[in-house]
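Please look over the model below before reading the comments.

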Amino acid sequence: MTTFQEAFKTAFKTEMLNAWAQNFAEVFEAANQPLIPIWLNKKIENEAVFGHIGSAEHILNELRNQNRFAARLFCKDPLKQNFAEQFQLNWIKTHGIPDIGGLSSGGKNALYLSDGELKTGLKNKPTGSNATKSFDFRSDAHDMWCYAKYTNEEGGAQDNQHADGLRFIEQAVNYMKKNPESMTKWIFIADGAYYNDVRRAHVRQVIPPDFQDRINIYTSVELCQTITA
């Protein structure tokens, strides 16, 4: 049976190739418009200031000639297009929790925990150490809110993501302290090599024993095994 990580790597390779091709095509098409779109024109002007490729006119000609090396500077980065989150969601759907769905990442429909309270309909997202980032997934059948991350490498940015996940757990604990009879589940889904046994154990240390049946950190595989058990 294909493991989560094997399936992720295969899908990631295919998705990245397709995404880069699509993003290159978007830049090439924009460069050949009679009137260059504002977003591309601004990026070209900014890049021309540094002169790494040449003048704005030279850059535009390179894009019109479909120079992929030049186009990489102006493409959307596929790694920032939520591939991992979508893969996690689809994996969980097909491995035991079919009703789980994605949630809005911003705007008034996004949901947060702030000072131990569930909040939505906000004009501005809550900030500070007493608020979470927006939730990623929801399962009504299991009354479960999820915060999902896929992180492979070490580094400052990854440590910040880990801190965001830890804050989600801390705010879930605060919610449960205010609502001790609630059976709502709060799950930090943590996939990738960065989230080893030691890091997951570190997160669990902040969860009071009385709440560990409703608040926890799992990989996608562990979540499906636990929830459907």
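1. Basis. This is a predicted model, in which local features need pLDDT of at least 70 and side-chain atom pairs count only at pLDDT 80 or more, while totals for chains, interfaces and linings use all residues. Residues are numbered from 1 along each chain as its sequence is written, and side-chain values use heavy atoms, with hydrogens and water left out.

2. Overall make-up. The protein has eight helices and seven strands. Both are DSSP runs numbered from the N terminus: helices are H or I with at least four residues, strands are E with at least two. The C-alpha trace spans about 65 × 45 × 30 Å along its principal axes. Of the 229 residues, 41% are buried; buried means under 20% relative accessible area, exposed over 50%, and partly exposed in between, with a 1.4 Å probe and protein chains only.

3. Contacts and surface. Among contacts with a separation of 6 or more, 67% are between residues 24 or more positions apart; a contact means heavy atoms within 4.5 Å. The protein exposes about 12,800 Å², and carbon and sulfur atoms supply 50% of that area. Accessible areas come from the Shrake-Rupley method with a 1.4 Å probe, and for residues only the protein chains shown count as cover.

4. The sheet. Five strands form an open sheet of mixed pairing, in the order β1-β4-β5-β6-β7. β1 (101-102) and β7 are the edge strands, each pairing on one side only. Two strands pair if DSSP finds at least two bridges between them.

5. Strand β6. How many of the seven residues of β6 are buried? Six are, so the strand (residues 185-191) is largely enclosed by the rest of the structure. Strand β5 (residues 144-150) pairs with β6 in the parallel sense over seven bridges, and Trp 145 has Trp 186 as its bridge partner in β6. Strand β7 (residues 215-218) also runs parallel to β6, joined by four bridges. Trp 186 stands opposite Ile 215 in β7, and Phe 188 has Ile 217 as its bridge partner there.

6. Crossover and strand β7. β6, helix α7 (residues 197-204) and β7 make a right-handed β-α-β unit. The term means that, with the strands pointing away from the viewer, the path from the first strand over the helix to the second runs clockwise. In β7, Ile 215 and Ile 217 point one way, Asn 216 and Tyr 218 the other way, and all are buried. In a regular strand the side chains alternate between the two faces of the sheet.

7. Ser 182. This residue lies in the loop between α6 (156-178) and β6. Is Ser 182 buried or exposed? Ser 182 is buried, with a relative accessible area of 16%. Leaving aside neighbours within four places in sequence, Ser 182 is in contact with Tyr 175, Met 176 and Arg 214.

8. Ser 129. The loop between β3 (117-120) and β4 (137-139) holds Ser 129. Ser 129 is exposed, at 52% relative accessible area. Not counting residues up to four places away in sequence, Ser 129 touches Arg 167 and Gln 171. Ser 129 and Ser 220 are 91 residues apart along the chain, and their C-alpha atoms are separated by 26 Å.
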